[in-house]
Amino acid sequence: MTEESNVTPEPYHGPDDRRFALWRAADRILSGPRPVTLHERLAELGADARACVDPAERPDFYGDGVVAALEHQVADLLGKRAAAYFPTGTMAQQVALRCWARQRRCPVVAGHPLSHLETHERRAYRRLTGLDAVFPTTAPRLPSAAELRALDEPYGVLLVELPLRAAGFVLPDWSELVELTAEARAAGAAVHLDGARLWEAAAHYGRPPREPAALGDSVYVSFYKALGALSGAALAGPAELIAEARAWRHRYGGQLYQQWPAALSARAALVRELPRLPGYLAHARVVAEGLRAATAGLPGARVHPDPPHTHQFQLWLPYPPGLLTEAGLAHCRRTGDGLFGTWWPGPVPGLAMTELSVLAPALGWTAEQVADSVLAFLGEVERLAGPPATDRARVPA
């Protein structure tokens, strides 16, 4: 063994590690929750247990007990006959599409190229199930009823992502959504809602979750996104579909021995966070006002959509993603303000994009405070970027 092999390597502290430490100590956070440690998360779970279950309640075994109670709770919230808990939304989506394809005797899904199915599930519906897809539109929005009607081949299920995250968490008008789902049913297809953020969509429409859910024959919902639970998802729909989905959940490896921590967390989050979502949406528009004021005059900068449709939305800025990430860390270190999370290459060359999520920590910000902090952040960007190339040419060696 060489001397070098006995040396313990230094842990890598990338942007996420540094952000975790800085955001925990931050005075103010604009986007996302304040990070917590494992011990703090366990303490939260203990509080959830005390709030949701009797002290004598036992852990679940293969989905009974607290998991079954969560399934009943979700089915009732969504106005569906039954619901099944899944460890991941990706698994719930694959099972739902597989079941509908069998029932409708058609392996084609009408979807969108920016949907979660295409961008974050590694096209599992193709690789695992042998399904295919058609796209009524490639525009960064959900298709219209007319575009769906214009398809020149049959499809067995229409998948509608509410909201369409990759396009900016965008939602259609309520009447457009009603017409779209009615058109699919008129064509003999089932309607499946990718409702990972259905709770937020309901807040946008000013309707209880069961009303948008009623537009789908089945709907998947997430517990860890806006609600902030540990993990997990549920698929809700007709009793026959959910019975078949449970069989496929087992085949896909989703019949876990115990899932009570995630189920407890989800039950508590539904009670705690669901009523807060309309307030988060209202304050997202305040945050957007401050961002708009701070970035006015920057080429290509924009809040998207403007105004936001949900408490989550995008910000585009004309700088490299890596520079914006480092500037955000430096800005938090200097001022105590944690502003943005990850930056990615934007939808237009020369622009970077980040997603904002306006949650409880952001509620104390005014539009003016947002503008002031973001202007200071942009000053940090310019400081790290250094002088423009034309100026650097004049700087003596």
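Which residues are linked with Asp-48 in a network of salt bridges? The legends below answer this and describe further close-up views.

**Figure 1. Overall fold of the predicted model.** The model is predicted, with local features requiring pLDDT of at least 70, side-chain atom pairs counted only at pLDDT 80 or more, and totals for chains, interfaces and linings using all residues. Residues are numbered from 1 along each chain as its sequence is written, and side-chain values use heavy atoms, leaving out hydrogens and water. The secondary structure comprises 16 helices and 13 strands; helices (H or I, at least four residues) and strands (E, at least two) are DSSP runs numbered from the N terminus. Along the principal axes, the C-alpha atoms fill a box of roughly 75 × 55 × 55 Å. Of the 397 residues, 51% count as buried, where buried means under 20% relative accessible area, exposed over 50%, and partly exposed in between (1.4 Å probe, protein chains only). Among contacts (heavy atoms within 4.5 Å) between residues at least 6 apart in sequence, 73% join residues at least 24 apart.

**Figure 2. Network of salt bridges at Asp-48.** Asp-48 is linked with Arg-272, Glu-273 and Arg-276 in a network of salt bridges. A salt bridge is a side-chain nitrogen of Lys or Arg within 4 Å of a carboxyl oxygen of Asp or Glu. By this rule the model has 23 salt bridges.

**Figure 3. Salt bridge between Glu-40 and Arg-24.** The side chains of this pair meet with an N to O distance of 2.7 Å. Glu-40 belongs to helix α2 (residues 38-52) and Arg-24 to helix α1 (residues 15-25), so that the pair, 16 residues apart, links distant parts of the chain. Both partners are partly exposed: Glu-40 has a relative accessible area of 31%, and Arg-24 has 32%.

**Figure 4. Salt bridge between Glu-71 and Arg-249.** The closest N and O atoms of Glu-71 and Arg-249 are 3.7 Å apart. The pair links distant parts of the chain, with Glu-71 in helix α3 (residues 66-78) and Arg-249 in helix α11 (residues 239-251), 178 residues apart. Glu-71 is buried at 8% relative accessibility, and Arg-249 is buried at 7%.

**Figure 5. Salt bridge between Arg-58 and Asp-64.** An N to O distance of 2.7 Å separates the two side chains. Arg-58 is partly exposed at 42% relative accessibility, and Asp-64 is partly exposed at 25%.

**Figure 6. The largest pocket.** About 1,300 Å³ of space lies in this pocket. On a 1 Å grid over the protein atoms alone, a pocket is an open set of points where a 1.4 Å probe fits, with protein on both sides within 12 Å along at least five of seven lines, and lining residues have an atom within 4 Å of a point. Grid points are joined across faces, edges and corners, and the volume is the space filled by probe spheres set on them. Of the 38 lining residues, Gly-32, Pro-33, Arg-34, Lys-225 and Leu-359 are the closest to the centre. Elements α1, α2, α12 (260-273) and β13 (352-357) each supply at least two lining residues. The lining holds 16 nonpolar, nine polar and 13 charged residues; Ala, Val, Leu, Ile, Met, Phe, Trp, Tyr, Cys and Pro count as nonpolar, Asp, Glu, Lys and Arg as charged, and the others, Gly among them, as polar.

**Figure 7. The second largest pocket.** Two or more lining residues come from each of α5 (116-119), β10 (312-317), β12 (343-345) and β13. By class, nine lining residues are nonpolar, seven polar and three charged.

**Figure 8. Helix α9 and Gly-206.** Helix α9 (residues 198-205) is largely enclosed by the rest of the structure, because seven of its eight residues are buried. The buried residues are Leu-198, Trp-199, Glu-200, Ala-201, Ala-202, Ala-203 and Tyr-205. Just after α9, Gly-206 takes a positive phi of about 65°.
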